[in-house]
Amino acid sequence: MPASLIENRHIYTAAEERSIMNSVHDALVEAFRIPPKDLNIRLVIHEPGRFLCSPELEQPDYRTIVTIDCFAGRSIDAKRHLYKEVVDRLAKLGIPRDHVSVILHEVELQNWALGGFPAGEIDLGFTVEI
């Protein structure tokens, strides 16, 4: 049930935008073993003047920040796997590896509601402890 936000300042085609979102989702399916149908991903493209980044980057328009809100409980190995998958998949789309940051926010099950119920009180359809 992760909620992902991808921020960038490069203009993409609709197909490229979909590929970026699918890449992050596929990384979550692979590393965190979420169900493939569990989609909750947003892509925001900022105007360059509204997204400042290091002038040392070779291609600053490709600076990409992936923020993922998820349930707490994954192991450090699962997190490492996720970080690598995200960067590898985005690199295949032309986004330089050193231009990608992944920020993971972990939320306790009782602090995330689904359908009005704390997530810890319902069947999520997957396990968080991996």
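This report walks through the fold, the surface and a few residues of the structure above.

## About the model

The model is predicted: local features need pLDDT of at least 70, side-chain atom pairs count only at pLDDT 80 or more, and totals for chains, interfaces and linings use all residues. Residues are numbered from 1 along each chain as its sequence is written, and side-chain values use heavy atoms, with hydrogens and water left out.

## Overall fold

Let's start with the secondary structure. The protein chain holds two helices and six strands, where helices (H or I, at least four residues) and strands (E, at least two) are DSSP runs numbered from the N terminus. Along the sequence these elements come in the order β-α-β-β-α-β-β-β. The protein chain has a radius of gyration of 15 Å, close to the 14 Å given by the globule rule for 130 residues, so it is as compact as a globular protein of that length. That radius is taken over C-alpha atoms, and the rule is 2.2 Å times the number of residues to the power 0.38.

Along the principal axes, the C-alpha atoms fill a box of roughly 45 × 30 × 25 Å.

## Surface and charge

Of the 130 residues in the protein chain, 44% count as buried. Here buried means under 20% relative accessible area, exposed means over 50%, and partly exposed lies in between (1.4 Å probe, protein chains only).

The protein chain carries 14 positive and 20 negative charges, and their mean positions are 2 Å apart. Lys and Arg count as positive and Asp and Glu as negative, while His and the chain ends are not counted. Each charge is placed at NZ of Lys, CZ of Arg, CG of Asp or CD of Glu.

## The cysteines

With a disulfide defined as a pair of cysteine sulfur atoms within 2.5 Å, the count comes to zero. Cys53 is partly exposed, at a relative accessible area of 22%, whereas Cys70 is buried at 1%.

Cys70 sits in strand β3 (residues 64-71). Leaving aside neighbours within four places in sequence, Cys70 is in contact with Pro2, Phe32, Leu104, His105, Glu106, Val107 and Trp112. Val107 is 37 residues from Cys70 along the chain, yet their C-alpha atoms are separated by 5.9 Å.

Tyr12 lies in the loop between β1 (3-8) and α1, and it is buried at 11% relative accessibility. Beyond its neighbours within four places in sequence, Tyr12 is in contact with Glu17, Ile20, Ile45, Tyr62 and Ile95. From Pro2, ten residues away in sequence, Tyr12 is 24 Å away in space, C-alpha to C-alpha.

Arg33 belongs to the loop between α1 (14-32) and β2 (41-45). This residue is exposed, with 58% relative accessibility, and its phi is near 55°, a positive value in a residue other than glycine. Gly49, in the loop between β2 and β3, is also exposed, with a relative accessible area of 68%. Gly49 and Arg9 are 40 residues apart in sequence, with 9.0 Å between their C-alpha atoms.

Terms used:
Contact = heavy atoms within 4.5 Å.
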